[in-house]
Amino acid sequence: VRRKLLLSYLSVTLFVLLALELPLGLSFANAERRRLTGQVQTEAFAVALRSDGSLAAARTGDASTLARLAETVRQQTAMSVMVVDARGRVVATAGPGEPPRGSMHPTPEVDAALRGRETTVDRAIGDHDGVAVAVPVLAGSRVVGAVRVSASLALVGERTQRNWLLLLALGGVVALVVLLVSVLLARSFTRPLAELDAGAAALGNGNLATRVSVPDDPPELNGLARSFNATAERLEALVRSQQEFVADASHQLRTPLAALSLRLENLEAGDREFQVEDIEGARAEVARLTRLVDGLLLLARTSDRAPTAIAVEVRPVVQGRLDAWTAVATERGVCLDARVDPVVARIVPGRLEQILDNLLSNALDVAPAGSAVRVRGRRDGARVFVEVRDAGPGMTPEQRRRAFDRFWRADPVRKDRGGFGLGLAIVRRLVTDSGGEVELTEAPGGGLSVRVRLPAPDPVAGPSETAAQPAAASGSG
Ligand SMILES: Nc1ncnc2c1ncn2[C@@H]1O[C@H](COP(=O)(O)OP(=O)(O)O)[C@@H](O)[C@H]1O
Ligand SMILES: [Mg+2]
(Lines give C-alpha, C1' and ligand atoms only; values in the text may rest on other atoms or scores of the structure.)
(Ligands and ions follow the chains in the order given, each with its own letter.)
Protein backbone atom coordinates (compact mmCIF):
# COMPACT_ATOMS: atom_id res chain seq x y z
CA VAL A 1 0.00 0.00 0.00
CA ARG A 2 2.73 2.39 1.00
CA ARG A 3 4.65 1.98 -2.25
CA LYS A 4 1.49 2.61 -4.27
CA LEU A 5 0.71 5.74 -2.27
CA LEU A 6 4.25 7.05 -2.75
CA LEU A 7 4.19 6.31 -6.47
CA SER A 8 0.91 8.12 -6.96
CA TYR A 9 2.09 11.16 -4.97
CA LEU A 10 5.35 11.33 -6.92
CA SER A 11 3.80 10.91 -10.34
CA VAL A 12 1.28 13.66 -9.64
CA THR A 13 4.07 15.91 -8.42
CA LEU A 14 6.23 15.25 -11.48
CA PHE A 15 3.31 15.93 -13.76
CA VAL A 16 2.55 19.24 -12.05
CA LEU A 17 6.23 20.23 -12.08
CA LEU A 18 6.51 19.49 -15.79
CA ALA A 19 3.28 21.37 -16.53
CA LEU A 20 4.53 24.40 -14.62
CA GLU A 21 8.25 24.46 -15.34
CA LEU A 22 8.23 23.68 -19.04
CA PRO A 23 6.23 26.79 -20.04
CA LEU A 24 8.13 28.84 -17.48
CA GLY A 25 11.50 27.77 -18.90
CA LEU A 26 10.34 28.38 -22.47
CA SER A 27 9.11 31.86 -21.63
CA PHE A 28 12.45 32.58 -19.92
CA ALA A 29 14.24 31.53 -23.11
CA ASN A 30 11.91 33.69 -25.20
CA ALA A 31 12.53 36.68 -22.97
CA GLU A 32 16.26 36.25 -23.38
CA ARG A 33 15.85 36.10 -27.12
CA ARG A 34 13.73 39.30 -27.14
CA ARG A 35 16.29 41.05 -24.97
CA LEU A 36 19.02 40.10 -27.40
CA THR A 37 16.91 41.32 -30.34
CA GLY A 38 16.44 44.64 -28.57
CA GLN A 39 20.18 45.00 -28.04
CA VAL A 40 20.88 44.16 -31.66
CA GLN A 41 18.34 46.77 -32.81
CA THR A 42 19.88 49.44 -30.58
CA GLU A 43 23.31 48.60 -31.89
CA ALA A 44 22.09 48.65 -35.53
CA PHE A 45 20.52 52.09 -35.12
CA ALA A 46 23.67 53.41 -33.44
CA VAL A 47 25.86 52.17 -36.27
CA ALA A 48 23.41 53.52 -38.88
CA LEU A 49 23.44 56.95 -37.24
CA ARG A 50 27.22 57.15 -37.37
CA SER A 51 27.48 55.74 -40.89
CA ASP A 52 25.95 58.31 -43.27
CA GLY A 53 29.06 60.52 -43.44
CA SER A 54 31.41 57.59 -43.72
CA LEU A 55 29.28 56.06 -46.46
CA ALA A 56 29.74 59.21 -48.51
CA ALA A 57 33.48 58.89 -47.95
CA ALA A 58 33.33 55.24 -48.88
CA ARG A 59 31.79 56.10 -52.21
CA THR A 60 34.94 58.00 -52.95
CA GLY A 61 36.97 54.91 -52.07
CA ASP A 62 37.79 55.41 -48.41
CA ALA A 63 36.01 52.72 -46.39
CA SER A 64 38.48 52.65 -43.53
CA THR A 65 36.34 54.75 -41.14
CA LEU A 66 33.42 52.35 -41.62
CA ALA A 67 35.64 49.31 -41.19
CA ARG A 68 36.95 50.73 -37.90
CA LEU A 69 33.44 51.48 -36.71
CA ALA A 70 32.33 47.92 -37.50
CA GLU A 71 35.37 46.45 -35.80
CA THR A 72 34.80 48.55 -32.64
CA VAL A 73 31.18 47.38 -32.41
CA ARG A 74 32.30 43.83 -32.96
CA GLN A 75 34.82 44.00 -30.18
CA GLN A 76 32.52 45.71 -27.72
CA THR A 77 29.39 43.62 -28.29
CA ALA A 78 30.56 40.41 -29.99
CA MET A 79 27.99 41.11 -32.74
CA SER A 80 28.68 40.88 -36.48
CA VAL A 81 28.29 44.04 -38.55
CA MET A 82 27.83 44.54 -42.31
CA VAL A 83 27.41 47.90 -44.06
CA VAL A 84 26.17 48.15 -47.68
CA ASP A 85 25.76 51.18 -49.92
CA ALA A 86 22.56 52.26 -51.60
CA ARG A 87 22.99 49.67 -54.36
CA GLY A 88 23.57 46.83 -51.96
CA ARG A 89 27.32 46.48 -52.37
CA VAL A 90 29.15 45.43 -49.23
CA VAL A 91 31.27 48.33 -48.00
CA ALA A 92 32.53 47.19 -44.61
CA THR A 93 32.15 44.03 -42.41
CA ALA A 94 33.25 42.70 -39.07
CA GLY A 95 32.65 39.26 -37.60
CA PRO A 96 32.59 35.67 -38.85
CA GLY A 97 30.38 34.53 -41.73
CA GLU A 98 30.09 37.98 -43.28
CA PRO A 99 30.46 38.29 -47.06
CA PRO A 100 33.69 39.77 -48.51
CA ARG A 101 33.94 43.51 -49.15
CA GLY A 102 32.84 44.73 -52.54
CA SER A 103 30.50 41.78 -53.21
CA MET A 104 26.82 42.21 -53.86
CA HIS A 105 24.87 40.68 -51.07
CA PRO A 106 21.15 40.62 -51.78
CA THR A 107 19.22 39.32 -48.76
CA PRO A 108 15.56 40.07 -48.05
CA GLU A 109 16.29 42.02 -44.86
CA VAL A 110 18.94 44.17 -46.52
CA ASP A 111 16.67 44.82 -49.50
CA ALA A 112 13.88 45.85 -47.16
CA ALA A 113 16.27 48.18 -45.30
CA LEU A 114 17.39 49.75 -48.57
CA ARG A 115 13.78 50.49 -49.27
CA GLY A 116 13.65 52.35 -45.97
CA ARG A 117 12.16 49.66 -43.73
CA GLU A 118 13.80 48.36 -40.58
CA THR A 119 13.64 44.53 -40.55
CA THR A 120 14.38 41.81 -38.02
CA VAL A 121 14.98 38.20 -39.10
CA ASP A 122 16.27 34.92 -37.67
CA ARG A 123 19.69 34.11 -38.96
CA ALA A 124 21.97 31.19 -38.27
CA ILE A 125 25.51 32.23 -37.36
CA GLY A 126 27.92 29.36 -37.50
CA ASP A 127 26.27 26.47 -35.64
CA HIS A 128 24.00 28.70 -33.58
CA ASP A 129 20.66 30.31 -34.11
CA GLY A 130 20.76 34.05 -34.05
CA VAL A 131 18.96 37.25 -34.92
CA ALA A 132 19.78 39.88 -37.51
CA VAL A 133 18.46 43.46 -37.71
CA ALA A 134 18.80 45.50 -40.89
CA VAL A 135 18.17 49.29 -40.78
CA PRO A 136 18.47 51.94 -43.48
CA VAL A 137 21.21 54.63 -43.31
CA LEU A 138 19.62 58.00 -44.04
CA ALA A 139 21.10 61.25 -45.27
CA GLY A 140 18.23 63.64 -44.85
CA SER A 141 15.31 61.60 -46.13
CA ARG A 142 17.37 59.69 -48.69
CA VAL A 143 18.47 56.12 -48.16
CA VAL A 144 22.20 56.03 -48.76
CA GLY A 145 22.83 52.50 -47.54
CA ALA A 146 21.97 49.89 -44.93
CA VAL A 147 23.48 48.40 -41.80
CA ARG A 148 22.92 44.83 -40.72
CA VAL A 149 23.89 43.77 -37.20
CA SER A 150 23.58 40.08 -36.26
CA ALA A 151 24.14 38.25 -32.99
CA SER A 152 24.30 34.60 -32.14
CA LEU A 153 21.98 33.24 -29.48
CA ALA A 154 25.07 31.63 -28.00
CA LEU A 155 25.58 35.08 -26.42
CA VAL A 156 22.54 34.55 -24.20
CA GLY A 157 22.75 30.75 -24.22
CA GLU A 158 24.61 30.68 -20.97
CA ARG A 159 21.95 32.67 -19.16
CA THR A 160 19.16 30.54 -20.63
CA GLN A 161 20.99 27.44 -19.56
CA ARG A 162 21.37 28.85 -16.05
CA ASN A 163 17.59 29.47 -15.94
CA TRP A 164 16.89 25.91 -16.95
CA LEU A 165 19.25 24.60 -14.30
CA LEU A 166 17.63 26.80 -11.67
CA LEU A 167 14.18 25.49 -12.62
CA LEU A 168 15.51 21.94 -12.52
CA ALA A 169 16.98 22.44 -9.06
CA LEU A 170 13.74 24.01 -7.86
CA GLY A 171 11.77 21.05 -9.20
CA GLY A 172 14.15 18.66 -7.49
CA VAL A 173 13.68 20.42 -4.16
CA VAL A 174 9.89 20.35 -4.56
CA ALA A 175 9.93 16.67 -5.47
CA LEU A 176 12.12 15.93 -2.46
CA VAL A 177 9.81 17.78 -0.09
CA VAL A 178 6.80 16.01 -1.57
CA LEU A 179 8.58 12.68 -1.19
CA LEU A 180 9.32 13.40 2.46
CA VAL A 181 5.79 14.54 3.24
CA SER A 182 4.24 11.60 1.41
CA VAL A 183 6.47 9.11 3.22
CA LEU A 184 5.22 10.56 6.51
CA LEU A 185 1.61 10.55 5.29
CA ALA A 186 1.82 7.03 3.97
CA ARG A 187 3.30 5.85 7.24
CA SER A 188 0.45 7.48 9.17
CA PHE A 189 -1.97 5.48 6.99
CA THR A 190 -0.12 2.20 7.12
CA ARG A 191 0.89 2.21 10.77
CA PRO A 192 -2.66 1.54 12.05
CA LEU A 193 -3.04 -1.11 9.36
CA ALA A 194 0.16 -2.79 10.46
CA GLU A 195 -1.00 -2.63 14.07
CA LEU A 196 -4.36 -4.15 13.13
CA ASP A 197 -2.54 -6.87 11.26
CA ALA A 198 -0.37 -7.66 14.27
CA GLY A 199 -3.41 -7.49 16.56
CA ALA A 200 -5.37 -9.92 14.41
CA ALA A 201 -2.39 -12.30 14.38
CA ALA A 202 -2.07 -12.08 18.18
CA LEU A 203 -5.80 -12.68 18.60
CA GLY A 204 -5.55 -15.64 16.24
CA ASN A 205 -2.76 -17.04 18.41
CA GLY A 206 -5.10 -16.99 21.39
CA ASN A 207 -4.01 -13.80 23.09
CA LEU A 208 -7.53 -12.57 23.82
CA ALA A 209 -6.37 -9.51 25.77
CA THR A 210 -5.14 -8.01 22.48
CA ARG A 211 -6.44 -4.51 21.72
CA VAL A 212 -5.29 -2.04 19.07
CA SER A 213 -5.09 1.74 19.41
CA VAL A 214 -7.92 3.53 17.62
CA PRO A 215 -6.73 6.18 15.13
CA ASP A 216 -8.91 9.29 14.68
CA ASP A 217 -8.21 9.31 10.99
CA PRO A 218 -9.19 8.01 8.48
CA PRO A 219 -12.75 7.11 9.54
CA GLU A 220 -12.60 3.71 7.82
CA LEU A 221 -9.63 2.64 9.93
CA ASN A 222 -11.21 4.18 13.01
CA GLY A 223 -14.29 2.00 12.50
CA LEU A 224 -12.21 -1.06 11.75
CA ALA A 225 -10.09 -0.63 14.89
CA ARG A 226 -13.20 -0.06 17.00
CA SER A 227 -14.96 -3.16 15.78
CA PHE A 228 -11.74 -5.14 16.15
CA ASN A 229 -11.53 -4.12 19.80
CA ALA A 230 -15.21 -4.82 20.36
CA THR A 231 -14.84 -8.27 18.80
CA ALA A 232 -11.79 -9.04 20.93
CA GLU A 233 -13.66 -7.88 24.03
CA ARG A 234 -16.67 -10.08 23.27
CA LEU A 235 -14.44 -13.05 22.53
CA GLU A 236 -12.57 -12.56 25.77
CA ALA A 237 -15.76 -12.28 27.81
CA LEU A 238 -17.21 -15.32 26.09
CA VAL A 239 -14.14 -17.46 26.68
CA ARG A 240 -13.87 -16.27 30.27
CA SER A 241 -17.50 -17.12 31.01
CA GLN A 242 -17.01 -20.56 29.44
CA GLN A 243 -13.93 -21.16 31.56
CA GLU A 244 -15.79 -20.10 34.70
CA PHE A 245 -18.65 -22.35 33.75
CA VAL A 246 -16.40 -25.36 33.33
CA ALA A 247 -14.62 -24.60 36.61
CA ASP A 248 -17.94 -24.20 38.49
CA ALA A 249 -19.37 -27.33 36.96
CA SER A 250 -16.33 -29.47 37.76
CA HIS A 251 -16.37 -28.17 41.31
CA GLN A 252 -20.05 -28.96 41.74
CA LEU A 253 -19.68 -32.44 40.29
CA ARG A 254 -17.05 -33.32 42.89
CA THR A 255 -19.41 -33.40 45.91
CA PRO A 256 -21.93 -35.96 44.64
CA LEU A 257 -19.08 -38.00 43.14
CA ALA A 258 -17.34 -38.08 46.54
CA ALA A 259 -20.59 -39.16 48.23
CA LEU A 260 -21.09 -41.84 45.61
CA SER A 261 -17.60 -43.19 45.98
CA LEU A 262 -18.06 -43.28 49.79
CA ARG A 263 -21.19 -45.37 49.39
CA LEU A 264 -19.35 -47.75 47.07
CA GLU A 265 -16.51 -48.09 49.58
CA ASN A 266 -19.01 -49.04 52.26
CA LEU A 267 -20.45 -51.66 49.94
CA GLU A 268 -16.98 -52.99 49.26
CA ALA A 269 -16.31 -53.27 53.02
CA GLY A 270 -19.13 -55.82 52.88
CA ASP A 271 -20.95 -54.85 56.08
CA ARG A 272 -24.23 -56.60 55.36
CA GLU A 273 -26.30 -54.33 57.59
CA PHE A 274 -25.67 -51.24 55.52
CA GLN A 275 -25.87 -52.77 52.06
CA VAL A 276 -29.44 -51.89 51.20
CA GLU A 277 -29.13 -48.41 52.57
CA ASP A 278 -25.89 -47.79 50.65
CA ILE A 279 -27.27 -49.10 47.40
CA GLU A 280 -30.24 -46.79 47.80
CA GLY A 281 -27.95 -43.90 48.71
CA ALA A 282 -25.76 -44.59 45.70
CA ARG A 283 -28.82 -44.57 43.47
CA ALA A 284 -29.88 -41.26 44.96
CA GLU A 285 -26.45 -39.78 44.31
CA VAL A 286 -26.54 -41.03 40.72
CA ALA A 287 -29.96 -39.40 40.35
CA ARG A 288 -28.58 -36.13 41.75
CA LEU A 289 -25.61 -36.33 39.42
CA THR A 290 -27.91 -36.95 36.50
CA ARG A 291 -30.00 -33.93 37.38
CA LEU A 292 -26.90 -31.80 37.82
CA VAL A 293 -25.46 -32.90 34.49
CA ASP A 294 -28.83 -32.30 32.81
CA GLY A 295 -28.92 -28.79 34.20
CA LEU A 296 -25.36 -28.08 33.14
CA LEU A 297 -26.05 -29.38 29.66
CA LEU A 298 -29.08 -27.13 29.45
CA LEU A 299 -27.12 -24.08 30.50
CA ALA A 300 -24.32 -24.94 28.10
CA ARG A 301 -26.63 -25.65 25.20
CA THR A 302 -28.88 -22.62 25.30
CA SER A 303 -25.93 -20.42 24.42
CA ASP A 304 -26.01 -21.54 20.81
CA ARG A 305 -28.75 -19.65 19.02
CA ALA A 306 -32.13 -20.96 20.08
CA PRO A 307 -34.41 -22.99 17.80
CA THR A 308 -37.37 -21.09 16.43
CA ALA A 309 -39.87 -19.63 18.85
CA ILE A 310 -43.54 -20.04 18.03
CA ALA A 311 -46.80 -18.83 19.49
CA VAL A 312 -47.67 -20.90 22.56
CA GLU A 313 -50.95 -20.73 24.49
CA VAL A 314 -50.06 -20.11 28.12
CA ARG A 315 -53.12 -21.42 29.94
CA PRO A 316 -52.93 -25.13 28.92
CA VAL A 317 -49.20 -25.19 29.67
CA VAL A 318 -49.71 -23.78 33.18
CA GLN A 319 -52.55 -26.22 33.78
CA GLY A 320 -50.39 -29.15 32.70
CA ARG A 321 -47.57 -28.20 35.08
CA LEU A 322 -49.93 -27.59 37.99
CA ASP A 323 -51.38 -31.06 37.47
CA ALA A 324 -47.90 -32.53 37.60
CA TRP A 325 -47.02 -30.71 40.86
CA THR A 326 -50.34 -31.28 42.65
CA ALA A 327 -49.14 -34.45 44.37
CA VAL A 328 -46.09 -32.70 45.89
CA ALA A 329 -48.19 -29.69 46.90
CA THR A 330 -50.82 -31.84 48.59
CA GLU A 331 -48.13 -33.72 50.47
CA ARG A 332 -46.84 -30.42 51.86
CA GLY A 333 -50.25 -29.03 52.58
CA VAL A 334 -49.89 -26.27 50.02
CA CYS A 335 -52.64 -25.16 47.68
CA LEU A 336 -51.91 -24.37 44.00
CA ASP A 337 -53.97 -21.46 42.66
CA ALA A 338 -53.84 -20.53 38.94
CA ARG A 339 -55.60 -17.60 37.31
CA VAL A 340 -54.38 -17.29 33.72
CA ASP A 341 -55.95 -15.24 30.92
CA PRO A 342 -56.18 -16.94 27.51
CA VAL A 343 -52.96 -15.34 26.28
CA VAL A 344 -50.39 -16.42 23.71
CA ALA A 345 -46.64 -15.98 24.20
CA ARG A 346 -43.81 -16.30 21.72
CA ILE A 347 -41.35 -18.92 22.98
CA VAL A 348 -39.54 -22.11 21.94
CA PRO A 349 -41.82 -25.11 22.55
CA GLY A 350 -41.15 -26.88 25.88
CA ARG A 351 -39.35 -23.96 27.51
CA LEU A 352 -42.30 -22.46 29.32
CA GLU A 353 -42.76 -25.89 30.95
CA GLN A 354 -39.14 -25.91 32.16
CA ILE A 355 -39.46 -22.39 33.49
CA LEU A 356 -42.65 -23.22 35.41
CA ASP A 357 -41.16 -26.44 36.79
CA ASN A 358 -38.19 -24.57 38.26
CA LEU A 359 -40.30 -21.77 39.72
CA LEU A 360 -42.94 -24.13 41.18
CA SER A 361 -40.24 -26.34 42.66
CA ASN A 362 -38.65 -23.31 44.37
CA ALA A 363 -41.98 -22.00 45.60
CA LEU A 364 -43.05 -25.38 46.99
CA ASP A 365 -39.65 -25.68 48.72
CA VAL A 366 -40.35 -22.62 50.85
CA ALA A 367 -44.16 -22.38 51.01
CA PRO A 368 -45.37 -23.04 54.56
CA ALA A 369 -48.12 -25.60 55.04
CA GLY A 370 -51.57 -24.10 54.63
CA SER A 371 -50.37 -21.32 52.30
CA ALA A 372 -51.03 -20.97 48.58
CA VAL A 373 -48.70 -20.78 45.59
CA ARG A 374 -50.30 -18.50 43.02
CA VAL A 375 -49.71 -18.49 39.26
CA ARG A 376 -50.96 -15.56 37.21
CA GLY A 377 -50.90 -14.94 33.47
CA ARG A 378 -51.93 -11.83 31.54
CA ARG A 379 -51.11 -9.77 28.52
CA ASP A 380 -50.05 -6.15 28.48
CA GLY A 381 -49.64 -4.71 24.98
CA ALA A 382 -46.93 -6.62 23.14
CA ARG A 383 -45.86 -8.47 26.30
CA VAL A 384 -47.13 -11.46 28.21
CA PHE A 385 -46.53 -11.73 31.97
CA VAL A 386 -46.42 -15.01 33.87
CA GLU A 387 -45.99 -14.69 37.62
CA VAL A 388 -45.35 -17.31 40.33
CA ARG A 389 -45.83 -16.10 43.90
CA ASP A 390 -45.43 -17.85 47.24
CA ALA A 391 -45.94 -16.95 50.89
CA GLY A 392 -42.53 -18.17 52.02
CA PRO A 393 -39.74 -16.20 53.70
CA GLY A 394 -38.92 -14.27 50.53
CA MET A 395 -35.44 -12.94 49.75
CA THR A 396 -33.45 -9.91 50.79
CA PRO A 397 -32.56 -7.42 48.03
CA GLU A 398 -28.95 -8.66 48.15
CA GLN A 399 -30.11 -12.25 47.73
CA ARG A 400 -32.42 -11.27 44.88
CA ARG A 401 -29.47 -9.68 43.15
CA ARG A 402 -27.42 -12.86 43.32
CA ALA A 403 -30.22 -15.38 42.92
CA PHE A 404 -29.66 -15.86 39.16
CA ASP A 405 -25.96 -16.70 39.56
CA ARG A 406 -25.02 -20.25 38.72
CA PHE A 407 -24.72 -22.49 41.81
CA TRP A 408 -25.78 -19.72 44.16
CA ARG A 409 -28.02 -20.75 47.03
CA ALA A 410 -29.17 -18.59 49.92
CA ASP A 411 -28.55 -21.37 52.40
CA PRO A 412 -26.07 -23.90 51.03
CA VAL A 413 -26.10 -25.98 54.22
CA ARG A 414 -29.78 -26.85 53.87
CA LYS A 415 -29.53 -29.12 50.92
CA ASP A 416 -32.35 -31.41 51.94
CA ARG A 417 -34.37 -30.35 48.93
CA GLY A 418 -31.46 -31.31 46.72
CA GLY A 419 -31.07 -28.15 44.61
CA PHE A 420 -27.77 -27.17 43.05
CA GLY A 421 -28.49 -23.49 42.65
CA LEU A 422 -28.96 -23.92 38.89
CA GLY A 423 -32.74 -23.52 38.71
CA LEU A 424 -32.98 -19.74 38.51
CA ALA A 425 -29.90 -19.51 36.26
CA ILE A 426 -31.62 -21.87 33.85
CA VAL A 427 -34.87 -19.91 34.08
CA ARG A 428 -33.14 -16.70 33.22
CA ARG A 429 -31.30 -18.31 30.32
CA LEU A 430 -34.49 -19.74 28.87
CA VAL A 431 -36.37 -16.47 29.26
CA THR A 432 -33.71 -14.16 27.83
CA ASP A 433 -33.11 -16.54 24.91
CA SER A 434 -36.76 -16.05 24.03
CA GLY A 435 -36.30 -12.29 24.10
CA GLY A 436 -37.91 -11.89 27.51
CA GLU A 437 -36.91 -10.88 31.02
CA VAL A 438 -37.31 -12.29 34.51
CA GLU A 439 -37.56 -10.25 37.67
CA LEU A 440 -37.72 -11.05 41.41
CA THR A 441 -39.82 -8.86 43.71
CA GLU A 442 -41.21 -9.08 47.17
CA ALA A 443 -44.77 -10.42 47.15
CA PRO A 444 -47.37 -8.38 49.03
CA GLY A 445 -47.58 -9.86 52.53
CA GLY A 446 -44.07 -11.43 52.29
CA GLY A 447 -42.84 -14.22 50.09
CA LEU A 448 -41.22 -14.08 46.70
CA SER A 449 -42.79 -13.09 43.44
CA VAL A 450 -41.07 -14.17 40.21
CA ARG A 451 -42.29 -12.28 37.18
CA VAL A 452 -41.47 -13.59 33.70
CA ARG A 453 -42.03 -11.30 30.76
CA LEU A 454 -42.27 -12.90 27.33
CA PRO A 455 -42.89 -11.31 23.93
CA ALA A 456 -46.34 -11.70 22.46
CA PRO A 457 -46.31 -13.13 18.91
CA ASP A 458 -46.53 -10.89 15.85
CA PRO A 459 -50.17 -9.98 15.28
CA VAL A 460 -49.74 -10.88 11.57
CA ALA A 461 -47.89 -14.17 11.98
CA GLY A 462 -49.86 -15.05 15.12
CA PRO A 463 -52.96 -16.97 14.00
CA SER A 464 -51.24 -19.38 11.60
CA GLU A 465 -48.52 -20.21 14.12
CA THR A 466 -50.99 -20.75 16.91
CA ALA A 467 -52.33 -23.64 14.87
CA ALA A 468 -49.14 -25.57 15.57
CA GLN A 469 -49.57 -25.09 19.28
CA PRO A 470 -51.21 -28.39 20.38
CA ALA A 471 -48.24 -30.38 19.04
CA ALA A 472 -45.86 -28.06 20.95
CA ALA A 473 -47.78 -28.45 24.21
CA SER A 474 -47.51 -32.24 24.00
CA GLY A 475 -43.73 -31.92 23.84
CA SER A 476 -43.51 -30.75 27.44
CA GLY A 477 -41.27 -32.54 29.91
N1 LIG B 1 -39.40 -18.77 46.16
C2 LIG B 1 -38.25 -18.59 46.84
N3 LIG B 1 -38.26 -18.06 48.10
C4 LIG B 1 -37.13 -17.90 48.77
N5 LIG B 1 -35.91 -18.19 48.30
C6 LIG B 1 -35.82 -18.72 47.07
C7 LIG B 1 -36.97 -18.93 46.28
N8 LIG B 1 -36.59 -19.45 45.09
C9 LIG B 1 -35.26 -19.55 45.17
N10 LIG B 1 -34.78 -19.13 46.35
C11 LIG B 1 -33.37 -19.08 46.76
O12 LIG B 1 -32.58 -18.98 45.62
C13 LIG B 1 -31.65 -20.05 45.59
C14 LIG B 1 -31.38 -20.45 44.17
O15 LIG B 1 -32.52 -21.03 43.60
P16 LIG B 1 -32.33 -21.99 42.41
O17 LIG B 1 -31.50 -21.32 41.42
O18 LIG B 1 -33.68 -22.50 41.97
O19 LIG B 1 -31.46 -23.15 43.03
P20 LIG B 1 -31.93 -24.35 43.93
O21 LIG B 1 -33.39 -24.40 43.87
O22 LIG B 1 -31.27 -25.50 43.25
O23 LIG B 1 -31.36 -24.06 45.26
C24 LIG B 1 -32.28 -21.11 46.41
O25 LIG B 1 -31.32 -21.94 46.96
C26 LIG B 1 -33.00 -20.33 47.45
O27 LIG B 1 -32.14 -20.04 48.51
MG1 LIG C 1 -34.61 -24.43 42.34
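# Notebook: a walk through a predicted model

**Entry 1: a glycine in a helix.** I started with G223 and found it in helix α6, which covers residues 219-269. I kept in mind that this is a predicted model. Is G223 buried, partly exposed or exposed? I looked up its relative accessible area, which is 32%. Buried would need a value under 20% and exposed a value over 50%, so G223 counts as partly exposed.

**Entry 2: a distance.** Next I checked how far G223 is from M82. The two residues are 141 residues apart along the chain, and their C-alpha atoms are separated by 81 Å.

**Entry 3: the overall shape.** That distance made me curious about the whole protein. I noted a radius of gyration of 55 Å, while a compact globule of 477 residues would have one near 23 Å. The C-alpha atoms fill a box of roughly 165 × 60 × 40 Å along the principal axes. For the secondary structure, I wrote down 13 helices and 12 strands.

**Entry 4: surface and charges.** I read off an accessible surface of about 26,900 Å² for the protein, and carbon and sulfur atoms hold 57% of that. Buried residues make up 39% of the 477 residues. I also looked at the charges: there are 58 positive and 55 negative ones, and their mean positions lie 7 Å apart.

**Entry 5: the cores.** I reminded myself that in soluble globular proteins, nonpolar side chains tend to be buried together. Which residues touch the most other members of the largest nonpolar core? They are V314, I355, L359, V373, V388 and L422, in a core of 52 residues. Helix α9 (residues 351-366) gives the most to this core, with seven residues. Apart from this core I found another, of 28 residues, including L69, A70, V133 and V144.

**Entry 6: V373 and an aspartate.** Leaving out residues up to four places away in sequence, V373 touches, among others, L336, D337, L360, L364 and V388. Is D337 buried or exposed? Its relative accessible area is 18%, and the cut-off for buried is under 20%, so D337 is buried. Beyond its neighbours within four places in sequence, D337 is in contact with V373, R374, V375 and R376.

Notes
Residues numbered from 1 in each chain as written. Chains lettered and ligands numbered in written order. Predicted model: local features only at pLDDT ≥ 70, side-chain atom pairs only at ≥ 80, totals over all residues. Heavy atoms only, no water. Helix = DSSP H or I, 4+ residues; strand = E, 2+ residues; numbered from the N terminus. Rg over C-alpha atoms; globule rule 2.2 N^0.38 Å. Buried < 20%, exposed > 50% of the residue type's maximum accessible area, 1.4 Å probe, protein only. Areas by Shrake-Rupley, 256 points an atom, 1.4 Å probe, with all protein chains shown as cover. Lys, Arg positive; Asp, Glu negative; His and termini not counted. Charge placed at Lys NZ, Arg CZ, Asp CG, Glu CD. Core = buried A, V, L, I, M, F, W, Y, C linked by side-chain atoms within 4.5 Å. Contact = heavy atoms within 4.5 Å.
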